[in-house]
Amino acid sequence: MGISRDSVMTLDKLGSRVRLLTGIQSSEVDDDDLSILMTMAIEWVEEQEGASFTVNTNDLQDQAVTYYTSYLASIAQNG
């Protein structure tokens, strides 16, 4: 098995990572709702960092958005 790293991050890829980490399918939390949750996570990261978030410019911010979105999606799914 070959493992490779795609170094170009996009918002869609962040969403895919959230779905992979949480196991949440689009039938459970649709893409529009996931987008809202990701926006909330981005706003939180921007507030914490004091800077605007731009995907693929800071790996730590990308990961923070992924993990916080995963947290929010789990709450949205499970109540």
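Some ground rules to begin with. Numbering runs from 1 along each chain as its sequence is written, and side-chain values use heavy atoms, with hydrogens and water left out. Since the model is predicted, local features need pLDDT of at least 70 and side-chain atom pairs count only at pLDDT 80 or more, while totals for chains, interfaces and linings use all residues.

**Cores.** A nonpolar core here is a set of buried Ala, Val, Leu, Ile, Met, Phe, Trp, Tyr and Cys residues joined through side-chain atoms within 4.5 Å. Buried means under 20% relative accessible area, exposed over 50%, and partly exposed in between (1.4 Å probe, protein chains only). The largest such core has eight residues: Met-9, Leu-14, Met-38, Ala-41, Ile-42, Val-45, Phe-53 and Val-65. Leaving aside residues up to four places away in sequence, Ile-42 touches Leu-11, Phe-53 and Val-65 (contact means heavy atoms within 4.5 Å).

**Aromatics.** Rings of Phe, Tyr and Trp (its six-membered ring) pair if their centres lie within 6.5 Å; planes under 30 degrees apart count as stacked, over 60 as edge-to-face and the rest as tilted. That rule gives two aromatic pairs. Tyr-68 and Tyr-71 make a stacked pair, because their ring centres are 5.9 Å apart and their planes sit at 20°. Both belong to helix α3 (residues 59-78), and being three residues apart there, they are separated by about one helical turn. Ring pairs link Trp-44, Tyr-68 and Tyr-71 into a cluster.

What lines the largest pocket, by class?

| Class | Residues in the lining |
|---|---|
| Nonpolar | four |
| Polar | three |
| Charged | three |

Among the lining residues are Leu-11, Asp-12, Arg-19, Asp-31, Met-38 and Ile-42. Helix α2 supplies the largest share, six residues.

**Loop.** Asn-56 is found in the loop between α2 and α3. Asn-56 has a positive phi of about 70°, although it is not a glycine.

Technical notes:
Helix = DSSP H or I, 4+ residues; strand = E, 2+ residues; numbered from the N terminus. 1 Å grid on protein atoms, 1.4 Å probe; cavity = no way out; pocket = protein on both sides within 12 Å on 5 of 7 lines; lining within 4 Å. Nonpolar A, V, L, I, M, F, W, Y, C, P; charged D, E, K, R; others polar.
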